[in-house]
Amino acid sequence: MINTHFPWLTTIILLPLLAGLLIPILPDKEGKTVRWYALGVGLVELALIAFVSWRYYDFHDPAFQLVETYSWLPQLGINWSLGADDLSWPLVLLTGLVTTLSIFAGWQVKEKPRLFFFLMLAMYSAQIGVFLAKDILLFFLMWELELVPVYLLISIWGGAKCRYAATKFILYTALGSVFILVAALALAFYGDTVTFDIEALTLKQYPLGLELFVYAGFLIAFGVKLPIFPLHTWLPDAHGEASAPVSMILAGILLKMGGYALIRMNMEMLPDAHVFFAPVLIVLGIVNVVYGAFAAFGQTNLKRRMAYSSISHMGFVLIGIACFNDLGLSGAVLQMLSHGLIAASIFFLCGVTYERTHTLWLDEMSGLAQKMPKTFALFTAGCLASLALPGMSGFVGEITVFLGLITSDAYTPIFKAVVLALAAVGLILTPIYLLSTLRVLFYGAENAKSMQSSEEVESEQTSTSQAIFWSDAKPREIFITACLLIPIIGIGLYPKLATQTYDVKTVEVATHSHQVLEQDYPSEMPNLYASTKAPIVPQLPQTKAIGLISMNEWDKFISSNFT
């Protein structure tokens, strides 16, 4: 009988990759068989995730479930160790939905369809592997594996500057990954036992100096992927050049890997260092929110504007992580899930618009609502969700983060008031640039440049292509967008649809983080950061004021592990 002893997680990770290896031998000349095959694999994968979620996964248990451990590279101490908990499993569900829809969104790919869909399936496996890895080196390998498909997908099927954007992406993310490797080795080799198991590493006791060093390394690495200002500059270029299916995955899944890793590695594994970096995360989050909103407002390229909008919205994730309560952390996870759905829908609709107008420049488009009323309605719904309209998931995620910050007892009222005031600037700018985008794209008379572009393209194409050029959203495109908008509206009206999948875990992590805060600084609670001497970063108690590992400890560490 197939039950929980069956390697469900291994099957979920390897299925897309192994199925993709069969694509080169499929009998197909025009790419139609390949695309149906890839979509079928994506649907089977999504169905498998849903089945395991319904049949074998318990959302009321915060511990790792469906754990699988196999000796993989014993010489290096690396195990194929997998596990799912309430922090990773909701993101696995999100990955299954968004990636399957992105494969369906790539229906029009004509150039090298075999390679395109193979890379999409390989990336499918790597993304899920990141969320399910229970070994920190396996996590690192999965993190690296997903970089190659993204690089190729941008550089081959991207725009005019695709190679520049792809190279910038791989340089930023690969260099950031070096910090993951160094930090992981430092944690694994510290102490009497060497282990790469994430659960075991979480139970280890580290000197504060080592925790601060590792936390900073992780923050840089995961900050590139989130992304955090000023490590964000690869994202607008990547989105501006990537095709719509790739942009859906970039915004919907890849950015969430950074938020997930910050909670898993930084907050849960290094709670003492998190006390010191929490106010830094809030400051960085506010910079993301305000800078991203201002930068988005100044963009004239549609996809670059939405890319900076993503940077702004991901700032709320940083703020929620730093709240030291379950409400803030719950808001951070909800914001990741919500933004994954909203961003995927908006970038897909950007692609739908581009297929009709063959331009992304806002000054070359206007009056599209007359010829594309269905696209206009869908684009409006996506933008309203992004600007946090009540009744949609964006509102629930952001308001939960705000409530988490307001109710946090770790910060002074003045500090919280300043943070909220600055965040309000971003919230005010968001509807301005999103509604302005709708006005420019869909209202007014048709732009003369757009009309000229239309005539030029139509004169060079067949009658079939002419029909496609100015046609409204097709049933396939409406279906893809609806599959994203339905959960957006469902979560907005009934947030428990999402929160019940992770609440038990976020309460546990936030409670432990708050306990560390109280144990380390009992005399400063509440309002730890209220000190007039250090209004942001607290003073180190004598028991913690070591700054760095002592030389005796360092010599012992080196001699016990490397000699």
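Two residues are in contact when they have heavy atoms within 4.5 Å of each other. Keep that in mind as we tour this structure, which is a predicted model.

Let's start with Phe 222. Leaving aside its neighbours within four places in sequence, Phe 222 is in contact with Phe 139, Trp 143, Ile 180, Gly 258, Ala 261, Leu 262, Met 265 and Asn 266. Phe 222 also belongs to the largest nonpolar core, which has 187 residues. Phe 222 is among the residues with the most contacts inside this core, along with Trp 89, Phe 139, Phe 218 and Phe 379. Helix H14 (residues 326-357) supplies the largest share of the core, 16 residues.

Now for how helices pack. Two packed helices are described by the angle between their axes and the distance between the axes. Here are two pairs to look at:

| Helix pair | Axis distance | Angle | Crossing |
|---|---|---|---|
| H9 (residues 208-225) and H12 (residues 271-297) | within 8 Å | roughly 35° | right-handed |
| H14 and H16 (residues 393-407) | 8 Å | about 160° | left-handed |

Which residues of H9 touch H12? They are Leu 208, Glu 211, Leu 212, Tyr 215, Ala 216 and Leu 219. On the H12 side, the contact includes Pro 271, Phe 276, Phe 277 and Leu 281. By class, this contact has 11 nonpolar, one polar and two charged residues.

How are H14 and H16 oriented to each other? Their angle is about 160°, and angles over 145 degrees count as roughly antiparallel, so H14 and H16 are roughly antiparallel. Their contact includes Gly 328, Ser 330 and Gly 331 of H14, and Gly 394, Gly 397 and Thr 400 of H16. By class, the contact of H14 with H16 has seven nonpolar, 11 polar and one charged residues.

Terms used. Residues are numbered from 1 along each chain as its sequence is written. This is a predicted model: local features need pLDDT of at least 70, side-chain atom pairs count only at pLDDT 80 or more; totals for chains, interfaces and linings use all residues. Side-chain values use heavy atoms; hydrogens and water are left out. A nonpolar core is a set of buried Ala, Val, Leu, Ile, Met, Phe, Trp, Tyr and Cys residues joined through side-chain atoms within 4.5 Å. Buried means under 20% relative accessible area, exposed over 50%, partly exposed in between (1.4 Å probe, protein chains only). Helices (H or I, at least four residues) and strands (E, at least two) are DSSP runs, numbered from the N terminus. Axes are lines fitted to C-alpha atoms, for helices over the stretch in contact, and angles run from 0 to 180 degrees between N-to-C directions. A crossing is left-handed if the near helix is turned anticlockwise from the far one by less than a right angle, and right-handed if clockwise. Ala, Val, Leu, Ile, Met, Phe, Trp, Tyr, Cys and Pro count as nonpolar, Asp, Glu, Lys and Arg as charged, and the others, Gly among them, as polar. Angles under 35 degrees count as roughly parallel, over 145 as roughly antiparallel, 65 to 115 as roughly perpendicular and the rest as oblique.
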